[in-house]
Amino acid sequence: MSCSNIKIIITVKDVDEANKKVLSTPNYGKEDILITDCLKRFPRNTDRAIVALKVALIDITNNTRLGLHKRDLSLCDIVDKILSIKDFDERVKNGDPEIVNEIAKANGKVNLFSFASKYCCYHNKNLYGNDDYSIYDTILKNNLSKYFNDITKSQIEKWRKNFDYKSYNDYIGNKLDELGIHCAFRRRKFDHFIWYNNR
């Protein structure tokens, strides 16, 4: 393992323990079960009403604050964007990183990078049992540099502004490789580790 750019060593045990703590909370744990149940009952992203319900559920449980942009972005804009993406379900199942950027661009007025990463992550993991998407949010942006020497908040913000999800996602994957974290759902557990220790 190359540790030259690592400030704090994080282990498989660390991410496993943080994940268990997050999932045992009365709010996040129960909401994760609720999201999983909803996605399994309504897996496809082809029905307008179903997609609207899933967007609202992920927004509320993940505090992505879509409502703050009501003047420039409606729920219908987001739903229409998801419905317009060709082969959405197959692509999110296969972990296509570009789909995050497509959702994030929405109607071109608001950057939905955080919401898009979460919408894709939940479908990919909770529905299909995969681990291809790292979530982006303010806690990760503000705290990754505490753990790694080779990243700054401004670099992460640049990826967000430029709709370059692949670079962000690849960065997280490379760091997990450097740390030797090769457990099931390592991306989601790492997200929980960063959130739990910096919330």
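Visitor: How many disulfides does a search of the whole structure find?

Guide: In this predicted model, a search of the whole structure finds zero disulfides.

Visitor: What makes the sulfur of Cys76 too far from the closest cysteine sulfur for a bond?

Guide: The cysteine sulfur closest to that of Cys76 belongs to Cys38, at 18 Å, and because a disulfide calls for two cysteine sulfur atoms within 2.5 Å, the pair is too far apart for a bond.

Visitor: And what rules out a bond for Cys120, whose closest cysteine sulfur is in Cys121?

Guide: Here the separation between the sulfur atoms of Cys120 and Cys121 is 8.8 Å, and since the cut-off is again within 2.5 Å, this pair too is too far for a bond.

Visitor: Why is Cys120 called buried, and why is Cys76 called partly exposed?

Guide: Cys120 has a relative accessibility of 0%, and because buried means under 20%, Cys120 counts as buried. Cys76 has a relative accessible area of 39%, which lies between the limits of 20% and 50%, so Cys76 is partly exposed.

Visitor: How do you know whether Val79 is buried or exposed?

Guide: Val79, which lies in helix α4, residues 75-84, has a relative accessible area of 2%, and because the limit for buried is under 20%, Val79 is buried. Leaving out residues up to four places away in sequence, Val79 touches Arg48, Val51, Ala52 and Val55.

Visitor: How many cavities of 30 Å³ or more does the structure hold, and which residues line the largest cavity?

Guide: The structure holds one cavity of 30 Å³ or more, and the space in the largest cavity is about 30 Å³. Its lining is made by Ser134, Ile135, Leu140, Tyr168, Ile172, Arg187, Phe190 and Asp191, with α10 (165-179) and α11 (186-198) being the elements that give two or more residues to that lining. Of the elements, α11 gives the most, with three residues.

Visitor: How do the residues of that lining divide into nonpolar, polar and charged?

Guide: The lining of the largest cavity has five nonpolar residues, one polar residue and two charged residues. Because Asp and Arg count as charged, Arg187 and Asp191, both in the lining, belong to the charged group.

Key: Residues are numbered from 1 along each chain as its sequence is written. This is a predicted model: local features need pLDDT of at least 70, side-chain atom pairs count only at pLDDT 80 or more; totals for chains, interfaces and linings use all residues. Side-chain values use heavy atoms; hydrogens and water are left out. On a 1 Å grid over the protein atoms alone, a cavity is a set of points where a 1.4 Å probe fits but cannot get out, and a pocket is an open set with protein on both sides within 12 Å along at least five of seven lines; lining residues have an atom within 4 Å of a point. Grid points are joined across faces, edges and corners, and a volume is the space filled by probe spheres set on the points. Helices (H or I, at least four residues) and strands (E, at least two) are DSSP runs, numbered from the N terminus. Buried means under 20% relative accessible area, exposed over 50%, partly exposed in between (1.4 Å probe, protein chains only). Contact means heavy atoms within 4.5 Å.
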